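Below is a note for a colleague who has not looked at this structure before. The points run from the whole chain to single elements.

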Amino acid sequence: MIGFALICIIFATKSKKMSVVERIKGARSTAFSFELLPPLKGNGIETVYKTIDTLREFDPKYINITTHRSETVFKEMPNGLFERTSERHRPGTVAIAAAIQNKYQIPVVPHIICSGFTKNETEYALIDLQFLGITDLLLLRGDKAKHEKEFVPTGHAHATELQEQVNRFNQGFFMDGTPLKSTITPFSYGMACYPEKHEEAPNLESDFQYAKQKVDNGAEYLVTQMFFDNEKYYAFVNKCRNNGITVPIIPGIKPITLKNQLTVLPKVFHTDIPETFAAELRKCKTDAEAAEVGVAWSIMQAKDLIAHGVPSIHFYSMMATQSVKRVAKEVF
């Protein structure tokens with residue numbers, strides 16, 4: 001009974017705050033945001049704070065915190081046999097989000113993913129986030145496990161199914177249909193979209209229909225997978241607008257910092273690198289040279305996006321914090 005009373009007090013005393021989409025729509029100019037990874041298991045939070053301290057001068061409207069599934073690992077036993085175990089290399093998304101919000105008072109957006117999480121685990125995460133007053137989310141399917149040839153669901157198979165669970169929670173019901181016995185602050189959430197098509201979609205048209213379904217069912221904004229060709233983003237946005245999708249569609253970009261990303265990023269994220277950009281990267285003999293080319297391209301991308309009136313630009317900052325800072329200094 002004490003636990004339930006505490007839940008009621010916490011839920012009932014939350015103050016109204018602006019959601020991420022409200023902050024984006026209320027910005028006088030193109031908004032700035034970026035994504036962070038939780039530290040590797042065993043590492044401290046200092047590297048996270050260092051990234052924020054590097055980029056906070058550009059007034060981020062929010063910070064995304066990625067979530068990572070458990071992976072299967074094999075550990076050798078004293079008898080020479082191997083034991084199969086499950087291990088999360090980057091735990092702590094909810095805790096990291098709470099620490100950032102407490103320290104910096106910057107809105108945080110933890111990722112909630114299908115991959116590697118049961119429906120019950122998702123429900124517990126939603127409850128924990130309510131306790132912490134974190135009510136902005138990014139809902140994603142997530143990647144398949146490294147040992148899997150194709151995505152095998154642990155709970156939800158698709159982000160739209162995860163969306164249904166969050167919608168039910170917002171309506172005041174747990175997954176099993178039991179009503180919540182206290183008032184909550186409904187979650188505000190965005191979802192992903194793919195201007196160049198999700199790797200598993202049979203074609204761009206079907207992928208677009210999934211994006212429309214996400215918005216029709218409550219997604220308040222869409223954020224794109226990283227891309228390097230603005231024309232593909234503009235074509236996708238135009239198609240959305242012509243089909244009644246009016247929510248903000250936030251472009252996600254990443255400065256290239258390493259030579260091998262010329263081939264790694266298209267393989268991992270299924271995004272094209274324009275030949276003009278690729279040709280300059282092929283000339284690079286060092287990672288430092290590639291980083292310079294990457295910054296120059298991202299500055300050009302960002303300036304063009306701003307000139308086209310995008311509501312916000314979201315930066316994928318993994319291994320690119322200093323490059324993101326240089327781009328932001330030029331355009332924000």
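1. Helices (H or I, at least four residues) and strands (E, at least two) are DSSP runs, numbered from the N terminus. On that basis the protein chain has 12 helices and 11 strands. This is a predicted model: local features need pLDDT of at least 70, side-chain atom pairs count only at pLDDT 80 or more, and totals for chains, interfaces and linings use all residues. Residues are numbered from 1 along each chain as its sequence is written, and side-chain values use heavy atoms, with hydrogens and water left out.

2. Of the 332 residues in the protein chain, 49% are buried; buried means under 20% relative accessible area, with a 1.4 Å probe and protein chains only. Among contacts (heavy atoms within 4.5 Å) with a separation of 6 or more, 76% are between residues 24 or more positions apart.

3. Strand S5 (residues 108–113) is largely enclosed by the rest of the structure, because six of its six residues are buried. In a regular strand the side chains alternate between the two faces of the sheet. In S5, one side carries Val108, Pro110 and Ile112, the other Val109, His111 and Ile113, and both faces are covered.

4. Which strands pair with S5? Pairing requires that DSSP finds at least two bridges between two strands. Strand S2 (residues 62–65) pairs with S5 in the parallel sense over three bridges, with isoleucine 63 bridged to valine 108. S6 also pairs with S5 in the parallel sense over three bridges; there, isoleucine 113 has leucine 140 as its bridge partner.

5. Arginine 141 sits in the loop between strand S6 (136–140) and helix H6 (159–170). Its relative accessibility is 15%, so arginine 141 counts as buried. Beyond its neighbours within four places in sequence, its contacts include Ile113, Phe151, His198 and Glu200.

6. Helix H7 (residues 204–216) has buried residues, including Phe208, Ala211 and Val215. Their cover includes H6, strand S7 (188–193), strand S8 (221–224) and helix H8 (230–242). At the N-terminal end, asparagine 203 caps H7, with a side-chain oxygen 3.2 Å from the backbone nitrogen of glutamate 205. Just after H7, glycine 218 has a positive phi of about 125°.

7. In helix H12 (residues 321–331), the buried residues are Thr321, Ser323, Val324, Val327, Ala328 and Val331. They lie on the same side of H12, because they cover an arc of only 155° around the axis, taken from the directions from the helix axis to the C-beta atoms. These residues pack against strand S1 (31–36), helix H3 (46–55), helix H11 (287–307) and strand S11 (312–316).

Methods: Buried means under 20% relative accessible area, exposed over 50%, partly exposed in between (1.4 Å probe, protein chains only). A polar contact is a pair of N or O atoms within 3.5 Å; within protein, one must be able to donate a hydrogen and the other to accept it, and residues adjacent in sequence count only if both atoms are side-chain atoms.
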